[in-house]
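Look at the sequence and the structure first, then read on.

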Amino acid sequence: MIDRNSPVTEDELHAYVDDEIAADRRGAVEAWLASHPEDAARVAQWRAQADAIRARYGMLASEPVPARFDLDKLTRGARSWRTVAAAAVIVAFLAGGVVGWMARGASAAAPSRFDTFTTQALDAHRVYVVEVRHPVEVTGAERPHLVQWLSKRLDYELRIPDLEPSGLKLVGGRLLPGPFGPAALCMYEGPSGERFTIYYARTDSPQTAMRYRAADRFAALYWVEHGLAYVVSGPAERERLLNVAQAAYDQIDKSPPQARP
Amino acid sequence: MGGFRQGIESAIPALRRYARALTRNVELADDLVQDTLVRALRSEHLFHGGDIRSWLYTILTNLNRNRLRALARRPALQAIDDNDAPETAGPEAGARDIERALASLVEDQRTALLLVVLEGLTYREVAEVQGVPIGTVMSRLARARMQIKAYLDGERPALRRIK
């Protein structure tokens, strides 16, 4: 048997406040508090803290639940490319800090194409997005010529997506020296001047899921499909970048490009 | 199956409340809740019965911890609440005070305190969510309460920890 009059511990005071006190000790705690004003004051303070927290945040649970939390939508999405990529990005973001989770595995195995291409793409992005007068070599007004020229140099039928639905105008493109031959960089511009680029380079690495990488103010999403590596770079704003990359991916995916025969 | 989804669905309001108090940022909180839901829905096979709410709190708590770790590794600039702003009177000020007091806590202490006082979890449930013995939960709780009192009494730390 526990002595009803044994001294009350600090743990018991907390348990008392949180309604976790054993029934047979409640009386002892109450008696203790009656004769120990300092402890009674502490208990009162803890209760006041809890009340303040509940007053501040409690009503949030009665807010209507926004549509984004619709479970059917979240499940449906989980099967589509979008959410798989979104999840990958989120995981990368959460787990990786700078370089995504998949990159860790990949780079442990071999010098990673992911590192090589995203470094190149982000470097090019950083250099050219600040250009006012000469951001590109061929402007978006000459789209057919741009596609033809870059496709010829990369020896690959490039798809340069139309991102106007995402609010991005094609500024144009340029040729870059890549790590394994020529690479291409297409630039897009949003209404407030924010710029995104898509980097293209031939690669022998197999198809991959999207991978995320952040570097300073910029971030990049990388994937490989049909022998071409794509890196979409832009301001380090996860959601927006993902949306842009999705839009680009969807268009490219609709008419998969091919290496020239 | 139906019970699983229903269980998740009915926990959303509480998860939002918890995430909001944990992060003190509306957008961040809802992102965290969405990530939690997506992960839970994909991990149904990992759920071996028990209290679905505790399980969701565990996922959310871990995601938040990972988020903070990732932030800590990056030399990113984070908005720090303007501690020097003049205090105004009224209930608004009270709400801000408790918000800042919570912000001054170490993450594990804040989590323990919020799970107990806001979410109404038992000490045992909090121990499971945090993956620590009950004694650890209790000492986190005690330290959290002490720190909040010190903060509200005006003993604000001279140097704010920069996360």
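Helix α9 (residues 238–254) of chain A lies across β4, β6 (218–225) and β7 (228–235) of chain A. α9 runs at about 145 degrees to β7(A). Axes are lines fitted to C-alpha atoms, for helices over the stretch in contact, and angles run from 0 to 180 degrees between N-to-C directions. Helices (H or I, at least four residues) and strands (E, at least two) are DSSP runs, numbered from the N terminus.

This is a predicted model, in which local features need pLDDT of at least 70 and side-chain atom pairs count only at pLDDT 80 or more, while totals for chains, interfaces and linings use all residues. Residues are numbered from 1 along each chain as its sequence is written, and chains are lettered from A and ligands numbered from 1 in the order in which they are written.

**The sheet**

Seven strands of chain A form an open, antiparallel sheet, ordered β1-β2-β3-β4-β7-β6-β5. Two strands pair if DSSP finds at least two bridges between them. At the edges sit β1 (138–139) and β5 (211–215) of chain A, each pairing on one side only. β1(A) pairs with β2 (residues 169–178) of chain A over two bridges. T139(A) has G172(A) of β2(A) as its bridge partner. Helix α8 (residues 143–154) of chain A packs on this sheet, and its direction makes about 20 degrees with that of β2(A).

**The two chains**

Contact (C-beta atoms, placed from the backbone, within 7 Å) links 38 residues of chain B with 33 residues of chain A. α1(B) gives the most to that side of chain B, with 10 residues. By class, the side divides as follows.

| Class on the side of chain B touching chain A | Residues |
|---|---|
| Nonpolar (Ala, Val, Leu, Ile, Met, Phe, Trp, Tyr, Cys, Pro) | 21 residues |
| Polar (the others, Gly among them) | four residues |

Definitions and conventions:
Contact = placed C-beta atoms within 7 Å.
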